[in-house]
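Dear colleague,

I am passing on the structure that follows, together with an account of what was found in it. Please read the notes beside the coordinates.

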Amino acid sequence: MTTTDAEKKHEVPRKARESLVFAENITMKFNKVVALDNVNFDVGYNEVVGLLGDNGAGKSTLIKVLNGFHRPTKGQIYFDGNPVHFNSPRDSRDAGIETAYQDLALVNLMTISRNFFLGRELERRIGPIKILDMARMDQIAARTMAEVGLRNIREMQETVSFLSGGERQAIAIGRATFFGAKLLILDEPTAAVSVAETEWVLRLVAEAKHSGLAVIMITHNAYEVFDVADRFVVLQQGRNYADLKREDTSAKDLIEVIAGRK
Ligand SMILES: Nc1ncnc2c1ncn2[C@@H]1O[C@H](COP(=O)(O)OP(=O)(O)OP(=O)(O)O)[C@@H](O)[C@H]1O
Ligand SMILES: [Mg+2]
């Protein structure tokens with residue numbers, strides 16, 4: 001992540017100064033496919049934004065541009081008031097953006113506790129040698145998991161391949177709160193999740209907001225996100241289509257907007 005002199009001199013747009021995230025005029029092309037076409041997107045401090053749109057609208061691509069998984073073809077991202085250039089999700093994590101992808105969130109063959117600390121492992125010293133502090137990592141992971149309501153886990157040494165969809169999301173959310181992320185990005189956190197677990201995940205999103213985080217939640221389900229989000233951004237075929245505050249719309253209305261009928 002670097003800021004060039006030219007950018008320092010360049011005036012930071014007002015929207016960037018007032019928002020936690022501001023993505024300005026983002027275009028993302030994959031060869032001939034234009035996944036994002038001049039998209040503007042912002043998330044306020046401590047705001048929960050529902051990112052909605054039909055299949056292929058560009059939702060996942062947008063969050064992958066935000067977290068450094070993709071470099072945009074064009075456009076500028078600002079985070080916490082500064083222009084940023086994330087070269088990898090690791091960069092954005094270091095800056096305070098925690099992303100839970102639908103599929104890539106966790107490493108299946110690793111234990112719960114190793115997944116929790118992925119890239120931020122705790123170490124301890126034995127004389128001149130540094131080794132992973134498994135006991136402390138297990139202890140912290142277990143405590144945080146209990147706090148987010150993951151009750152049925154017996155062992156932090158279990159691999160995550162046995163976990164349900166909701167439990168996986170809970171690990172990602174727990175990780176974000178524990179490591180003090182500023183922004184939590186959830187890509188369809190309820191897509192492969194039972195009804196009971198969906199309620200749990202939505203409650204965790206509300207709690208994340210309560211503890212000061214901003215959240216981007218991608219979903220297909222307007223009813224689900226309606227209660228937890230403050231604002232809804234709808235993309236259509238890679239373009240901005242609507243940006244609605246909760247008080248100005250309803251879940252039913254949103255469905256019409258997503259379908260392009262309004
Ligand atoms: N790595 C890639 N290479 C080529 N095309 C891509 C790539 N990633 C996304 N696309 C294309 O970009 C467009 C937007 O895809 P994206 O995954 O962002 O949509 P989405 O809104 O997340 O859809 P869904 O609701 O199905 O998850 C689609 O046409 C998709 O095929
Ligand atoms: Mg997607």
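Helices and strands here are DSSP runs, H or I of at least four residues for helices and E of at least two for strands, numbered from the N terminus. Asp-133, to begin with a loop residue, lies between β8 (129–132) and α6 (134–147).

This is a predicted model, in which local features need pLDDT of at least 70 and side-chain atom pairs count only at pLDDT 80 or more, while totals for chains, interfaces and linings use all residues. Residues are numbered from 1 along each chain as its sequence is written, chains are lettered from A and ligands numbered from 1 in the order in which they are written, and side-chain values use heavy atoms, with hydrogens and water left out.

To stay with Asp-133, this residue counts as buried because its relative accessibility is 8%, where buried means under 20% relative accessible area, exposed over 50% and partly exposed in between, with a 1.4 Å probe and protein chains only. Its side chain reaches the backbone nitrogen of Arg-136 at 3.3 Å, a polar contact being a pair of N or O atoms within 3.5 Å; within protein, one must be able to donate a hydrogen and the other to accept it, and residues adjacent in sequence count only if both atoms are side-chain atoms. Not counting residues up to four places away in sequence, Asp-133 touches Leu-122, Glu-123 and Arg-124, contact meaning heavy atoms within 4.5 Å.

Turning to the strands, β1 (residues 21–30) pairs with β2 (residues 33–43) in the antiparallel sense over 7 bridges, and two strands pair if DSSP finds at least two bridges between them. The two form a hairpin with 2 residues between them, and Asn-31 in the turn has a positive phi of about 50 degrees; Phe-30 stands opposite Val-33 in β2. β1 also pairs with β4 (residues 74–79), again in the antiparallel sense, over 5 bridges, and Ala-23 has Ile-77 of β4 as its bridge partner. Glu-24, which is found in β1, counts as partly exposed because its relative accessibility is 23%. Glu-24 and Gln-76 are 52 residues apart in sequence, yet their C-alpha atoms are 5.3 Å apart in space.

As for ligand 1, the residues around it (those with a heavy atom within 4 Å) include Phe-30, Asp-54, Glu-188 and His-220. Helix α3 (residues 59–66) gives the most to this shell, with 3 residues. Oxygen atoms of ligand 1 lie 2.9 Å from an N or O atom in the side chain of Asn-55, 3.1 Å from a polar backbone atom of Ala-57 and 2.5 Å from an N or O atom in the side chain of Thr-61. Taken alone, ligand 1 exposes 630 Å², of which the protein buries 60%, with accessible areas taken from the Shrake-Rupley method with a 1.4 Å probe and, for residues, only the protein chains shown counting as cover.

Helix α3 is itself mostly covered, with 7 of its 8 residues buried, among them Lys-59, Thr-61 and Ile-63. Ile-63 counts as buried because its relative accessible area is 0%, and its contacts, not counting residues up to four places away in sequence, include Leu-51, Thr-99, Ile-185 and Ile-218. Just after α3, Gly-68 takes a positive phi of about 85 degrees.

With best wishes
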